[in-house]
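Dear colleague,

Please find below the structure that I am handing over to you. My notes on what was found in it follow directly after.

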Amino acid sequence: MTDEPDRQETAQREQYTHGHHESVLRSHTWRTVANSAAYLVPHLSPGRSLLDVGCGPGTVTVDLARRLYPGQVTGIDASEQIVRHAAGLAFDEGVRNASFHVGDACALDFPDESFDIVHAHQVLQHLANPVAALREFRRVLKPGGVFAGRDADYGGVMYHPKLQGLSLWLTAYRDVHYSNGGDPDAGRSLKAWARQAGFGAVTSSASIWCFASGVEREWWGGSWADRVTESAFAAHAIEVGAADLADLNKMKAAWLQWAGDPDGWFGIPHGEVVARK
């Protein structure tokens, strides 16, 4: 087994593809343990400590803290704004065993063997060197500790109806994601990356987000309709030549058309790993 992953480990830059526009935050606050980390539930028991890397607005982190109480849960994110939002959520929800800090996934500010569990949801896909990050996760895990990771795989995205604007969106999204130093198909590589990072027992699984009901279509389609024209994705797409303004407007129209179609269906698969130190 080689020490490095198959894909290029360096990029000219590393940026978060989605940015932190309100439309992105709206999407991320939907996430819970049930819909985004169900594979981890068997490994959760009260009193265990957990580090949530790339915690975002904190909905999953707060959910984990409730399940692990009185264990301490720490969330880190690169965005100070998002960290403040997450801390506010924990305070409002009365969850006192969760704390939030600005942090770097590839240079964790914690001593060796600090946590029972390290959790990273939709994080490794955005990193230029996911194996280096996984080595850091392993460093801060206690002996016998567990890393739990879940990432989307945009190579397997499915949708109906087959709208040209959604095809434009998927192609542009993948191009932007690669140009930002990440891997939009990360879900399929999690097992390999974990093994390359030195983890022993690695258990793999997969799950899917599916949006089909009227409420789900309105929320998911409306979120993406805003994101393709107003979030950092739009600026990145134009900057790297993945789309022009006319293309972005076609994507927005397609997302709104999809959201209003009672036959509309969208699925995105995810790879998952539970790896033990």
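In these notes, contact means heavy atoms within 4.5 Å. This is a predicted model, in which local features need pLDDT of at least 70 and side-chain atom pairs count only at pLDDT 80 or more, while totals for chains, interfaces and linings use all residues. Residues are numbered from 1 along each chain as its sequence is written, and side-chain values use heavy atoms, with hydrogens and water left out.

Overall, the protein chain has 10 helices and eight strands; these are DSSP runs numbered from the N terminus (helices H or I, at least four residues; strands E, at least two). Of its 277 residues, 54% are buried, where buried means under 20% relative accessible area, exposed over 50%, and partly exposed in between (1.4 Å probe, protein chains only). Of the contacts between residues at least 6 apart in sequence, 80% join residues at least 24 apart.

The largest nonpolar core has 30 residues. Such a core is a set of buried Ala, Val, Leu, Ile, Met, Phe, Trp, Tyr and Cys residues joined through side-chain atoms within 4.5 Å. Those with the most contacts inside this core are Trp169, Phe233, Trp255, Trp258 and Phe266. At least two core residues come from each of helix H6 (164–179), strand S7 (202–211), helix H8 (214–230), helix H9 (232–239), helix H10 (245–260) and S8. Beyond residues up to four places away in sequence, Trp169 touches Tyr154, Val157, Trp224, Val228, Phe233, Met251, Trp255 and Phe266. A second, separate core of 27 residues includes Leu127, Ala133, Ala186 and Ala275.

The 17 residues of H8 should span 24 Å at 1.5 Å a residue, and its end C-alpha atoms are 23 Å apart, which agrees; the expected span is 1.5 Å times one less than the number of residues.

Trp265 lies in strand S8 (residues 265–276) and counts as partly exposed because its relative accessibility is 32%.

Elsewhere, Asp52 is placed in strand S1 (residues 50–53) and is buried, because its relative accessible area is 2%. Leaving aside neighbours within four places in sequence, Asp52 is in contact with Thr61, Thr74, Gly75, Ile76 and His119. Thr74 is 22 residues from Asp52 along the chain, yet their C-alpha atoms are separated by 6.0 Å.

Yours sincerely
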